Amino acid sequence: MAGWVEHEGRAVALPRSDIDTDQIIPARFMSASRSEGYGGFLFADLREGDAAFPLDRHPGASVLVTGPNFGCGSSREAAVYALVDAGIRVVVAESFADIFAGNAVNNGLLPARVAETGAILDALGTGTAPARVDLERGTLTVGGRDHPVELPDIWRRKLINGWDDIDLTRAHADDIAAFRETRAARAPWAMPRGA
Amino acid sequence: MSRTLLDRLWDAHEIVRSPEGASLLWVDRHLVHEGSHHAFAKLAERGLPVAEPALTFGVADHYAPTRGRDRIGDPAIAKMLDRLTENTRAHGVRLFGLDDPRQGIVHVLGPEQGLTLPGLLVTCGDSHTSTHGAFGALAFGVGATQVAHVLATQTVWQTKPRAMRITIEGTLGPAVTAKDVALHWIAALGTGGATGHAVEYAGSAVRALSMEGRMTLCNLSIEGGARFGMIAPDETTLAYVAGRPFAPEGAALDRAAEDWAALRSDPDARFDRDARFDAADIAPTVTWGTTPEQALPITGTVPDPARLDGARAEAARAALDYMGLVPGRPLDGTPVDQVFLGSCTNARIEDLRAAARVLEGRRAKVPGTVSPGSMLVRAQAEAEGLDRVFRAAGLDWVASGCSMCVGMNGDTVAPGKRCASSTNRNFRGRQGRGARTHLMSPVMVAAAAVTGTLTDVRPLLEGRA
Ligand code: SF4
């Protein structure tokens with residue numbers, strides 16, 4: 001996965017709280033292979049019959065600004081695939097569900113925690129505005145105003161470097177092997193019977 | 001220094017910690033279901049094997065047909081099941097497939113088989129993995145990238161969550177269950193109330209719960225934003241674990257029990273957050289909206305958005321619109337179209353027994369489905385004659401799987417239909433497009449079946465033990 005430091009695009013508002021991953025991608029689409037592309041499934045049920053759905057009114061927007069607790073519910077990474085495949089690079093919200101945020105970072109999508117999201121939503125209304133994210137500085141600029149992004153260091157490093165965890169972890173192969181031995185000695189019961 | 005249960009479990013599994021503060025943790029059990037196809041595909045891309053096939057277990061549940069298992073009509077569903085079979089076979093991973101008499105929902109099967117034990121770290125590509133924390137295990141759901149990572153390395157990167165304690169003291173009233181406790185605290189603290197935290201449940205009402213009840217409580221932790229729910233193991237835990245097929249036995253069990261006795265928070269341990277509830281304040285609870293925090297006692301009335309503040313008012317308005325409910329109307333008496341008793345939250349034997357107690361000698365006024373949490377639960381229920389109670393009431397008694405909890409196998413609620421459900425998510429469209437879900441306990445589902453409405457189960461249980 002390619003890393004990135006800055007992103008420029010257009011921001012659009014989806015002013016709802018608690019958007020769960022079932023809404024981001026309904027379960028019935030989840031048997032597709034990733035290569036088939038998940039973009040068309042994004043918000044499938046919310047969009048249907050809603051001609052004014054923000055992402056349809058403003059195709060090409062890449063910064064989605066939304067309400068708190070975004071991505072709650074099912075751990076389905078397909079929710080992140082749908083956003084990424086639809087061209088979303090940054091989701092801005094006051095808060096995110098933990099599993100969603102982790103999945104997002106693993107796919108190069110920034111879950112940008114911004115305390116002033118409410119003001120941004122108000123300013124955007126049903127329109128769009130130019131937006132810019134700078135991971136090094138940890139800022140989001142929308143419509144010319146800077147907002148600090150709350151960004152754990154580990155996320156910043158992963159996004160910037162496009163790190164792949166499996167490769168990173170394999171560098172710890174000796175530590176893992178040693179730990180496995182110690183664990184087996186200290187907690188022999190932890191091995192399933194018959195294993 | 002005093003430590004929490006979380007500290008103890010974390011330290012026992014931490015291999016290294018990165019400069020940025022992420023821990024590389026050892027995984028004792030990795031459970032995979034049909035949704036693992038993305039992860040296996042990532043493994044295949046790199047030509048990697050499964051690092052520890054003996055610690056990896058496959059379960060067919062999300063797409064498991066509950067009717068007509070031998071002839072799966074939908075090719076997309078058949079493909080999902082076949083892929084799981086192929087992936088587990090190719091990597092030497094044991095699979096509890098559709099033809100296995102032990103098949104069931106992953107979070108029911110793991111504990112039932114003794115795969116889940118105190119002190120273990122359990123991961124699964126499913127958010128309700130928090131269920132296994134009921135044993136004093138560190139258990140959490142992960143996404144596909146992390147599933148691939150666990151498959152490849154038997155480890156997982158995690159940043160340690162903050163520690164939160166939810167204490168429930170006192171005695172739960174009649175017909176008040178672990179489900180009600182969970183909906184009660186989530187309604188009080190919100191769906192994001194425990195985000196970033198690992199919740200340890202404590203207090204006399206929690207200690208008094210059976211393992212089934214504890215699993216229900218820990219299962220729903222994720223609906224309050226916590227990835228982890230946990231309860232310190234005790235005699236109840238030990239009694240449940242002993243004799244399970246994959247659990248230690250004899251001297252190994254004695255040794256384990258000694259280790260498990262230390263799995264608790266010190267009396268003076270510090271929690272980043274503490275919340276307390278009085279068991280006596282908790283009533284049979286139902287959800288009225290589209291998030292689990294939109295829940296009220298069954299004696300309540302549909303809330304008026306005009307009396308709520310800002311964002312909550314907006315959310316309530318949208319939820320009532322979707323749910324087709326009018327503010328001010330009593331919840332009790334709201335007609336339902338169907339009922340569903342199932343899911344990893346509430347389809348264990350105790351849940352079925354309790355629901356059968358309500359249904360015994362009564363007819364359901366609306367159609368409904370009962371899908372046991374596992375095929376072993378199903379067999380046990382049949383041995384106890386519970387299936388006859390459900391059938392006599394007019395409900396469908398079907399095979400085990402996630403079924404109408406998520407609708408992936410084709411069991412869905414039709415658009416606009418209202419379902420009284422023992423599941424865990426009342427999200428828009430969760431049980432099917434346009435489906436209207438009310439979450440509640442199994443006995444409340446049974447009561448809804450009998451009356452054809454949301455209703456207080458308590459009068460229906462009078463005179464019944
Ligand atoms: S029963 Fe529902 S919540 Fe539980 S694992 Fe299956 S889909 Fe997930």
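Buried, in what follows, means under 20% relative accessible area, exposed means over 50%, and partly exposed lies in between, with a 1.4 Å probe and protein chains only. By that criterion, buried residues make up 54% of the 195 residues in chain A.

The model is predicted, so local features need pLDDT of at least 70 and side-chain atom pairs count only at pLDDT 80 or more, while totals for chains, interfaces and linings use all residues. Residues are numbered from 1 along each chain as its sequence is written, chains are lettered from A and ligands numbered from 1 in the order in which they are written, and side-chain values use heavy atoms, with hydrogens and water left out.

I begin with chain A. Chain A has nine helices and seven strands; helices (H or I, at least four residues) and strands (E, at least two) are DSSP runs, numbered from the N terminus. Along the principal axes, its C-alpha atoms fill a box of roughly 60 × 40 × 25 Å. Of the contacts in chain A with a separation of 6 or more, 67% are between residues 24 or more positions apart, contact meaning heavy atoms within 4.5 Å. The domain assignment gives domain 1 (6–163) and domain 2 (164–195) of chain A, with bounds that come from an automatic or database assignment. The centres of these two domains, taken over C-alpha atoms, are separated by 35 Å.

Chain B is likewise divided, into domain 1 (5–273) and domain 2 (285–457). Their contact takes 39 residues from domain 1 of chain B and 42 residues from domain 2 of chain B. The centres of the two domains of chain B are 24 Å apart, again over C-alpha atoms.

On a 1 Å grid over the protein atoms alone, a cavity is a set of points where a 1.4 Å probe fits but cannot get out, and a pocket is an open set with protein on both sides within 12 Å along at least five of seven lines; lining residues have an atom within 4 Å of a point. Grid points are joined across faces, edges and corners, and a volume is the space filled by probe spheres set on the points.

Where does the second largest pocket lie? Domain 1 and domain 2 of chain B both give residues to its lining, so the pocket lies between them. Its space is about 580 Å³. The lining has 28 residues, and the closest to the centre are B:Ala175, B:Val176, B:Thr177, B:Glu350 and B:Ala354. Helix 12 of chain B supplies the largest share of that lining, five residues. By class, the lining has 13 nonpolar, seven polar and eight charged residues; Ala, Val, Leu, Ile, Met, Phe, Trp, Tyr, Cys and Pro count as nonpolar, Asp, Glu, Lys and Arg as charged, and the others, Gly among them, as polar.

Although B:Ala175 is not a glycine, its phi is positive, about 65 degrees. Most residues other than glycine have a negative phi. B:Ser343, in the loop between strand 15 and helix 12 of chain B, also has a positive phi, near 90 degrees. At 1% relative accessibility, B:Ser343 is buried.

The search of the whole structure finds five cavities of 30 Å³ or more. The largest cavity holds about 420 Å³ of space. Among its 33 lining residues, A:Ser74, B:His33, B:His62, B:Gly125 and B:Asp126 lie nearest the centre. Its lining comprises 14 nonpolar, 14 polar and five charged residues.

Helix 14 of chain B, residues 386–393, is my next subject. Its buried residues are B:Leu386, B:Asp387, B:Val389, B:Phe390 and B:Ala393. They cover an arc of only 160 degrees around the axis, which puts them on the same side of helix 14 of chain B; the arc is that of the directions from the helix axis to the C-beta atoms. Helix 14 of chain B is followed by B:Gly394, whose phi is positive, near 100 degrees.

B:Arg67 is partly exposed, with a relative accessible area of 40%. Leaving aside neighbours within four places in sequence, B:Arg67 is in contact with B:Thr369, B:Asp396, B:Val398 and B:Asp411.
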